[in-house]
Amino acid sequence: MTAVTTAAPARKVVTAGAPRRPRVSTRRVGKWLLSLLGLVVAVAWAFPVYWMILSAFTPNARLRATTPQFLPTHATLSSFQRLLSGDSGFWTALRMSLSITTLTVVLVLVFAFLGALAISRFKFRGRKSFILAVLFIQMLPAEGLFIAQYKMLSSAGLLNNVLGVSVLYTAAVIPFTIWMLRGFVAGVPAELEEAAMVDGLSRTQAFIRITLPLLAPGLVASGVYAFLQAWNEFTIALVALPGQSAQTLPLWLRGFISASASRGIDWAQVMAASTLIAVPVIIFFLFVQGRMTSGLVSGAVKG
Amino acid sequence: MATTALGAPTRQRRRHPTPYLLLIPAVAALALGLGYPVYWQIVTSFQRFGLAQQFGQPPEFAGLENYARIFSDDAAFAVVLRSIAFCLVNAALTVLIGLAVALLMRAVHGWVKIVVQISMLLAWATPVIAAVTVFRWLFDARTGVVNWLLVQLGFEGFRGHGWLTTPISFFFIASLIIVWMSVPFVALSLFAGLTQVNDELLEAARIDGANGRQILWSIIMPLVRPVLAIVLLLQIIWDLRVFAQIRLLQDAGAPVAETNLLGNFIYELGMARNNFGGAAAVSIFVLLLTIVLSAPYVRSLMKEDAS
C-alpha cells in the first residue's frame, strides 16, 4: 500500500476505431470543460496569497479607495520601507524567530536521526512499543498541553527564553520527523553498508561514506519540516513568550495589527508584514515539497 | 520498503545497548516536552487549583469535580458540542473538496494540473498567521474586497457588513480559512494515491461499457479508500484542536464566549482565570477524545506492521 512510489502513469492505450470516435470527442470537450473548472479552482485557491502580496505593494491610500484594484498599477515599496526602517519591532522578532527555529532544527535533526536509526536498523526489545508510543504522541494536541508547558517553563525560569520554546518545539516535531526519517533510512539497503564493510571499512566508516550521503535528501526534508513548524508556530509561542521583548514573528504580527486597530488598520503595512513572514516559507516549501509530501504520505500511509 | 526495515535488523541478534543509546536524546526530549506536561495535566485535573494556590497554598484533591463540571456547566458543555460539530463539519468538507480536487487534477490537461498543484501548494505553505490576517482583510467590513464584490453583485446589505461579529458568520469565516488551508494536503495525498490507479484498467472498463460513475465507485474508490480513511482521521484530529485561527479571528472583535472552541476554552480557563484544575480536566478530555478517535488508525497501522 505505498502511495509514495509515484509510478509513471501508464501510457494511454490509443485505440483508433471508427465506432468510438464520437465518444472520444465528447470526452475531449469534457476534458476542456473540466480544465476550465480546474483553472477556476486554482484561481480561487491562489487568490488570498495573490491579494496579500498585491496589497503589500499597493499604497495605503489606494487600499482605502472604494473600488479595489486587482492589478499592480501603482506598485510601491513604501510599506516595506516603513516596516523595515521604523521601530516596528520587525527585526527583533525576526532575530527571535531565527534563533528559535535554528536551535529547533538542529535539535530535531540530531535527535530524530539517531532515533530513526535505532528503529530502522536495529531489532531490540521495546522497539514496537516505542513505535506505538511515537504514533500516539504524534496525536497529542498541543492545545491540550500548553497550560502544563507554561507552568513547567515558568517554574524553570524559562519563560521568554529561546531554549525553553525550542525544547517544546523539538518535542512537538520529533515524532513526525522520526517517522519520516525512518522511511528514508529503511530506503537505503543495509546491504550497501555490508558490502563496503567487506571491502575493509569499519561499520562507522561505511555508514558515514555510504549511507549518510544517501540520506542527505531525507535530512534536508526533515529539517525543512522542522523549520516550517517552528517558524509558523503560534499557540506554544503565545503562552511561552508572554513578554513584549521576546516575540516570534507570528506573535509580533498579531501585536502589530492590534496596535494599529484603534486608528484603523494600516492594511498595506500589515500585508507587507504578512508577506515578509509568508514568502520565505512559501519559497522553501515549493522547493522541497515533493520530498516532504512523500514523507508525509509515507508517514501517514505506511506507518 | 517495509520488508527492508524489518529484514535489516536481523544482523543485530544479540541484545545490544546501541539502539537504546541512540534513542536516549529523542526520548528525553519527548519526556520533557510532552511526557511531563501530560503527567502534570492528569494530576492537576484532579485538583482544585485556584487563586489561593497561586499564592503558594498547596492544591487540594478534588476527585472528579473538575470533570463533572465540564458536563454540568452549560457554557462548558456548549463549547464541547460546538467543537465536535465544528470538527466534523470541517473534516467532512475538507475531505470531500480534497477528493473532488484530486479527481479533477486527474481529469484535466497536464498544464492545468500543474497550475492547480501550484495554487494548492501556495495555500498549504502559507503560515496560519498570514492566512488568518489576509482573510480578515478580505472580509474587512469597510474596505474588504468580499463586501465590495457582494455590493457590486447587487447585495446592498453587505455594504459595511461585519462578518466576525456574530457567531454564525464568524464560524463561516473560520471554516473557510481552515478548509482553504487543509484541502491541499488532502487533495495532493489523494492525488498521489490516485496515480496508482492504472489508466489501462480504466480504459478497459470504459471499453467494457462502464460509465463514469461506475468507474469512480467500483474501481477508483476501493483503491484510494486506505488513503481516504487516513486523511479523514487526520483531519478530524487536527480540526478538534483548532486554536490559533479562532484566537486570531477573535482579535477582530468577535464575542469570545460564543466563539470559543475547546483549545480556546482551555486557554481562557487556565491563562485568564487561573483555573488550572478546570483547564487540565478539559485538556485531558481533549486528549482522551483524540485517542478514542485515532485508536482505529493506530491499530490498523500496527496490524500492517506485523504482517
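In the interface between the chains, 106 residues of chain B are in contact with 113 residues of chain A, contact meaning heavy atoms within 4.5 Å. The two chains bury about 10,400 Å² between them, and 74% of this area is on carbon and sulfur atoms. Buried area is the accessible area (1.4 Å probe) that two parts lose on being put together, summed over both. The model is predicted, so that local features need pLDDT of at least 70 and side-chain atom pairs count only at pLDDT 80 or more, while totals for chains, interfaces and linings use all residues. Residues are numbered from 1 along each chain as its sequence is written, chains are lettered from A and ligands numbered from 1 in the order in which they are written, and side-chain values use heavy atoms, with hydrogens and water left out.

Over all chains the structure holds eight salt bridges, a salt bridge being a side-chain nitrogen of Lys or Arg within 4 Å of a carboxyl oxygen of Asp or Glu. The count between chain B and chain A is one. In that contact, A:Arg254 pairs with B:Asp251, and the closest N and O atoms are 2.7 Å apart. The pair joins two chains because B:Asp251 lies in the loop between α12 (244-250) and α13 (256-259) of chain B, whereas A:Arg254 lies in helix α11 of chain A. Helices (H or I, at least four residues) and strands (E, at least two) are DSSP runs, numbered from the N terminus.

Rolling a probe the size of a water molecule over the atoms shows where empty space is left. On a 1 Å grid over the protein atoms alone, a cavity is a set of points where a 1.4 Å probe fits but cannot get out; a pocket is an open set with protein on both sides within 12 Å along at least five of seven lines, and lining residues have an atom within 4 Å of a point. Grid points are joined across faces, edges and corners, and a volume is the space filled by probe spheres set on the points.

The structure holds six cavities of 30 Å³ or more, and the largest cavity has a volume of about 1,600 Å³. Of the 50 residues lining the largest cavity, A:Tyr225, A:Gln229, B:Val128, B:Trp238 and B:Arg241 lie nearest its centre. The lining of the largest cavity comprises 36 nonpolar, ten polar and four charged residues. Here Ala, Val, Leu, Ile, Met, Phe, Trp, Tyr, Cys and Pro count as nonpolar, Asp, Glu, Lys and Arg as charged, and the others, Gly among them, as polar.

The second largest pocket has a volume of about 500 Å³. Its lining has 26 residues, and A:Ile265, A:Trp267, B:Arg136, B:Asp140 and B:Ala252 are the closest to its centre. Two or more lining residues of this pocket come from each of α2 (60-63) and α11 (249-261) of chain A and α7 (128-138) of chain B. By class, the pocket lining has 13 nonpolar, seven polar and six charged residues.

| Span | Helix and strand | Distance between end C-alpha atoms |
|---|---|---|
| Chain B, residues 80-297 | 79% helix, 0% strand | 23 Å |
| Chain A, residues 94-288 | 80% helix, 0% strand | 23 Å |
| Chain B, residues 75-102 | 100% helix, 0% strand | 40 Å |
| Chain B, residues 114-139 | 88% helix, 0% strand | 29 Å |
| Chain A, residues 96-118 | 100% helix, 0% strand | 33 Å |
| Chain A, residues 265-288 | 92% helix, 0% strand | 35 Å |
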